[in-house]
Amino acid sequence: MPEVSASELINHAHAAQRFAYAPYSNYLVGAAVLTADGSVISGCNVENASYPATICAERTALSAALAQGKRDFVAIAVVTRNGGTPCGICRQVMAELGPEMIVYIADEQGNFR
Ligand code: THU
């Protein structure tokens, strides 16, 4: 992985978790993607009263990266309080945008897989 270690990427995701807008679930999620040029772009979940309009942290980060012209995805880290795994929609998006991407699933204590 170019220059950024797994634990550093997880730290970025953890830092973004505090920005989550999750008043409906109270489940805060942070994500950070690493691109081939060594860039790290973070995201958090953004909920809405119309709940299907909610955007997961993974898709927020990936969308932000694309909007910055970065799409060569190497890895993504996701941090939740219990090490939860990405939903089906995020898996579909990750499979299309970064089929070789390493996915790190982490909790707030720094445990990851
Ligand atoms: N969520 C994410 O942001 N990423 C995941 O991997 C799992 C779920 C969000 C969606 C919603 O805002 C909240 O977590 C509860 O499902």
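**Helix packing and ligand contacts**

Trainee: At what angle do helix α2 and helix α3 pack, and how far apart are their axes?
Mentor: This is a predicted model. Helix α2 covers residues 57-67 and helix α3 covers residues 88-97. They pack at an angle of about 30°, and their axes are 10 Å apart.

Trainee: Is α2 roughly parallel or roughly antiparallel to α3?
Mentor: Angles under 35 degrees count as roughly parallel. The angle here is about 30°, which makes α2 roughly parallel to α3.

Trainee: How many nonpolar, polar and charged residues does the contact of α2 with α3 have?
Mentor: From α2, the contact involves Glu58, Arg59, Leu62 and Leu66. They meet Ile89, Cys90, Val93, Met94 and Leu97 of α3. By class, that gives two charged, no polar and seven nonpolar residues.

Trainee: Is the crossing of α2 and α3 left-handed or right-handed?
Mentor: The helices in question pack at about 30°. Their crossing is left-handed.

Trainee: What is the distance from an oxygen atom of the ligand to an N or O atom in the side chain of Glu47?
Mentor: Residues surrounding the ligand include Asn45, Glu47, Ala57 and Glu58. A side-chain N or O atom of Asn45 is 2.9 Å from a ligand oxygen, and Ala57 places a backbone N or O atom 2.9 Å from a ligand oxygen. For the side chain of Glu47, the distance is 2.5 Å.

Conventions: Residues numbered from 1 in each chain as written. Predicted model: local features only at pLDDT ≥ 70, side-chain atom pairs only at ≥ 80, totals over all residues. Heavy atoms only, no water. Axes fitted to C-alpha atoms, helices over the stretch in contact; angles between N-to-C directions. Helix = DSSP H or I, 4+ residues; strand = E, 2+ residues; numbered from the N terminus. Parallel < 35°, antiparallel > 145°, perpendicular 65-115°, else oblique. Left-handed = near helix turned anticlockwise from the far one by under 90°. Contact = heavy atoms within 4.5 Å. Nonpolar A, V, L, I, M, F, W, Y, C, P; charged D, E, K, R; others polar. Near = heavy atom within 4 Å. Polar contact = N/O pair within 3.5 Å; in protein donor to acceptor, adjacent residues only side chain to side chain.
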